[in-house]
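Hello,

Here is the structure for your set-up work. My notes on it follow below.

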Amino acid sequence: MKLIAIDLDGTLLSEDGTISKANLDTLSEAQKQGHRLAICSGRSHHDILQILRKYNIKASIISGNGGVIYDKALIKRLVLPDHTVKEMIDLAEHEQLFCELYTNEGIIMKQSGRSMLEEELAEQSKTLDSAVKAVYSREITNLFNQHPIRFIADFRKTDFSALQIYKIGAISYQKTKRDRFMAKLEGRHDISITSGSLGTVEIGHPETNKGHGVSFLADYFKIPLEHTVAIGDNFNDIPMFKLAGISIAMENAHDDIKNYAMHVTDAQNQNGVAKAIKEYVLNC
């Protein structure tokens, strides 16, 4: 038996946000052969759950980059302290980054954030590479298509302690803003910092990362780490690449990401997940 941990965006999901029949059929075949599936994503638990229900996929969930671990019921949640949440929001807003909070009730964000991000993108339209601009446009669409989202006017009027916040996304499509924000987080050990997309800085509990999530779930199911498989495409996938028995990067991943993987499969739009599972799980 293997534990197969699969990222969503840039990996299992095609660019249009769907899961191909070839990928679905291969996931089903892996389960028929006795392997366990885990969706391991930076997305929120609620958002992943609705995707799995849409496609009738039965899988464990590692969400928020490992902040929440779930298998039929909540197994573990790594929550950020209230004072840290307030500090990160204040810092992000000072540097004019859009914020989203992942909570036990879904995602909280400001309604005005969409126009802010679209204006940022429009301002850079003449200098951005067309491919990068297309990625940013998809990110904005994906950001506001998450489920469920609660829009608020002011974060300061929110009771953070009741919401058990496990991830903060700080988003800007202006690199100078992100760099200033990141510089102010340098050297901190009370948070984890990663990125699953070009414009986002993702902040969580200091123990939060996909590697921790996969390791915890493998131990929960009594599956040795050498029998784990990790498939992904972005920087937040590196921790699970480092510990998995087999690590596989998508062809559409940046070369820096591929350097951490043992193998490279086809791109997200070419059923790369199906190919990877067939080659390194089903045919082994």
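**Notes on the model**

I69 is buried, because its relative accessibility is 0% (buried means under 20% relative accessible area, exposed over 50%, partly exposed in between, with a 1.4 Å probe and protein chains only). This is a predicted model, in which local features need pLDDT of at least 70, side-chain atom pairs count only at pLDDT 80 or more, and totals for chains, interfaces and linings use all residues. Residues are numbered from 1 along each chain as its sequence is written, and side-chain values use heavy atoms, with hydrogens and water left out.

I69 sits in strand β4, residues 68–70 (helices, H or I of at least four residues, and strands, E of at least two, are DSSP runs numbered from the N terminus). Beyond four places in sequence, I69 touches I61, L74, I75, K76, G213, F216 and L217 (contact means heavy atoms within 4.5 Å).

K167, in strand β9, counts as buried because its relative accessibility is 4%. Its side chain makes a polar contact with the side chain of E202 at 3.2 Å (a pair of N or O atoms within 3.5 Å; within protein, one must be able to donate a hydrogen and the other to accept it, and residues adjacent in sequence count only if both atoms are side-chain atoms). A polar atom of the K167 side chain also lies 2.7 Å from the backbone oxygen of G42.

The largest nonpolar core has 29 residues (a set of buried Ala, Val, Leu, Ile, Met, Phe, Trp, Tyr and Cys residues joined through side-chain atoms within 4.5 Å). Its largest share, six residues, comes from α12.

Regards
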